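Subject: Structure handover and notes

Dear colleague,

I am passing the structure below on to you, together with my notes on what I found in it. Please read the notes with the structure open beside them.

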Amino acid sequence: MWFWTWMCVLLLLSKWGVVSSHVDELFRGNYSNLETMSLMESMFGVSTAAAPPDTLMVGLTLIQGAAAKGAVCLDGTLPGYHLHRGYGAGGNSWLIQLEGGGWCNNIKSCIFRKTTRRGSSNYFEKVIPFTGILSNKAEENPDFFNWNRVKIRYCDGASFASDSENKASGLQFRGQRIWEAAMEELMRIGMRHANQALLSGCSAGGLATILHCDEFRDLFPGSTRVKCLSDAGLFMDAVDVSGQRSLRNFFNGVVNLQGVAKTLPSTCTSHLDATSCFFPQNLIGSIRTPLFILNAAYDSWQLQESLAPPTADPRGYWRACKLNNVRCSSSQIQFLQGFRNSMVNAVRGFSTSRQNGVFINSCFAHCHSERQDTWFADNSPTLGNKALAIAVGDWYLDRALVKEIDCAYPCDGTCHNLVFG
């Protein structure tokens with residue numbers, strides 16, 4: 001039965017423009033479902049959508065001096081980024097986006113990961129589309145279109161936070177060093193002159209944004225406006241449908257294997273264990289830098305792989321609900337309302353700070369800022385009659401406070417819910 005569920009998912013992904021090499025990743029090796037979903041997690045964003053013919057395509061730059069600093073991908077290859085230069089009023093403004101794409105939590109899954117674009121620059125696309133918050137068109141990206149916009153590729157397996165190695169398996173866990181090398185490179189080529197800077201990221205990149213937000217602030221003088229935007233990065237330490245904590249178990253493997261503990265904020269590790277400090281709900285309250293939390297209250301990835309993974313649902317009671325939210329039973333919706341309530345509670349104290357922003361809609365989705373249809377389009381999701389791009393711009397440029405938390409499902413008719421079959 002699980003095979004046919006995957007076939008439905010893959011048929012839909014093929015409609016979204018997922019190339020065969022991405023699909024092949026899902027079936028190579030006998031991985032646990034959570035490991036496989038860490039690969040699929042990277043398909044929720046812009047890479048899943050076939051880019052329109054007039055989309056800006058931006059070339060890859062490898063960081064040539066990174067190897068000398070030990071800042072390398074899982075397989076030892078050089079990290080990289082894509083940069084499109086700003087102009088005019090945006091010439092000294094910088095938007096940095098940290099790519100997402102899951103994690104690996106054991107030697108087996110990390111060895112596989114280094115044979116993909118999530119673990120080796122040998123497999124990076126040479127050009128990628130810049131859409132959504134990275135678009136160069138004012139009508140698609142009204143406040144950031146003319147900024148210097150950068151996408152930093154993700155090729156470690158711990159949200160740019162790892163710092164270890166496994167010589168026997170030929171694995172380099174150097175996400176923290178990649179972050180540092182990328183920042184040094186960008187400062188060298190002009191970011192040091194920024195009068196405005198925004199660090200953003202989606203999913204695993206959204207988690208990385210939270211982890212590195214204050215480090216990013218510290219790169220600049222106090223006169224520079226610096227803020228952070230985490231999209232779909234609020235991974236909750238939630239109890240699954242069997243009463244266990246599947247995502248905590250998974251993150252525990254990531255943290256311990258990849259030497260993440262030493263790079264986590266001491267404001268958290270001084271009183272909590274390292275795995276707890278990989279969960280954003282335990283970090284956001286102590287971040288000094290203005291931070292915007294963007295998340296779907298019924299996050300599709302978390303529904304599928306934290307709340308109701310096959311290990312917690314061996315009889316498949318949740319399969320139909322995970323594929324399409326309209327097929328969820330009343331009792332399942334009740335369970336999901338509990339998850340939403342936990343997320344809302346997690347940001348309650350955080351949202352009381354005037355400098356922070358919140359946009360939590362009641363959608364079954366994962367990542368909004370990278371996709372044009374959810375970032376800024378004629379029918380993009382809204383809260384308070386305001387599209388996401390406008391809300392983020394209002395918050396970043398101090399035009400308005402943004403503290404938007406949607407009413408519970410199914411009240412929001414503007415959602416672009418992800419449907420897998």
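Predicted model: local features only at pLDDT ≥ 70, side-chain atom pairs only at ≥ 80, totals over all residues.

Overall picture. The protein chain holds 13 helices and 14 strands, and of its 421 residues 62% are buried. Among the contacts in the chain with a separation of 6 or more, 76% are between residues 24 or more positions apart.

Helix α7 and its surroundings. Helix α7 covers residues 246-257, and because 12 residues at 1.5 Å a residue should span 16 Å, the 17 Å between its end C-alpha atoms agrees with expectation. After α7 comes Gly259, which has a positive phi near 65°. Thr275 itself is located in the loop between α8 (266-269) and β10 (291-296), and it counts as buried because its relative accessibility is 4%, which is under the 20% limit. The C-alpha atoms of Thr275 and Asp237 are separated by 9.8 Å, although the two residues are 38 residues apart along the chain.

Helices α5 and α6. The axes of α5 (residues 175-188) and α6 (residues 204-217) come within 12 Å and cross at roughly 35°, and the crossing is right-handed. On the α5 side Gln176, Trp179 and Met183 take part, and they meet His212, Glu215 and Phe216 of α6. The residues of this contact divide into three nonpolar, two polar and one charged.

In soluble globular proteins, nonpolar side chains tend to be buried together. The largest nonpolar core in this model has 79 residues, and those with the most contacts inside it are Ile96, Trp103, Ile152, Leu186, Phe216, Phe278 and Leu336. A second, separate core has 23 residues, including Ile128, Leu388, Val392 and Trp395. Returning to Ile152, and leaving aside its neighbours within four places in sequence, its contacts include Gly80, Tyr81, Ile96, Phe160, Ala182, Met183 and Leu186.

Backbone points to check by eye. Most residues other than glycine have a negative phi, and most peptide bonds are trans. Ala232 is buried, since its relative accessible area is 2%. Cys367, likewise a residue other than glycine, has a positive phi near 85°, and its place is in the loop between β11 (357-361) and α12 (372-375). With a relative accessible area of 4%, Cys367 is buried. Finally, the peptide bond joining Tyr409 and Pro410 is cis, with omega about 15°, and Pro410 is located in the segment after β14 (403-405).

With best regards

Terms used: Residues numbered from 1 in each chain as written. Heavy atoms only, no water. Helix = DSSP H or I, 4+ residues; strand = E, 2+ residues; numbered from the N terminus. Expected span 1.5 Å × (residues − 1). Axes fitted to C-alpha atoms, helices over the stretch in contact; angles between N-to-C directions. Left-handed = near helix turned anticlockwise from the far one by under 90°. Contact = heavy atoms within 4.5 Å. Nonpolar A, V, L, I, M, F, W, Y, C, P; charged D, E, K, R; others polar. Buried < 20%, exposed > 50% of the residue type's maximum accessible area, 1.4 Å probe, protein only. Core = buried A, V, L, I, M, F, W, Y, C linked by side-chain atoms within 4.5 Å.
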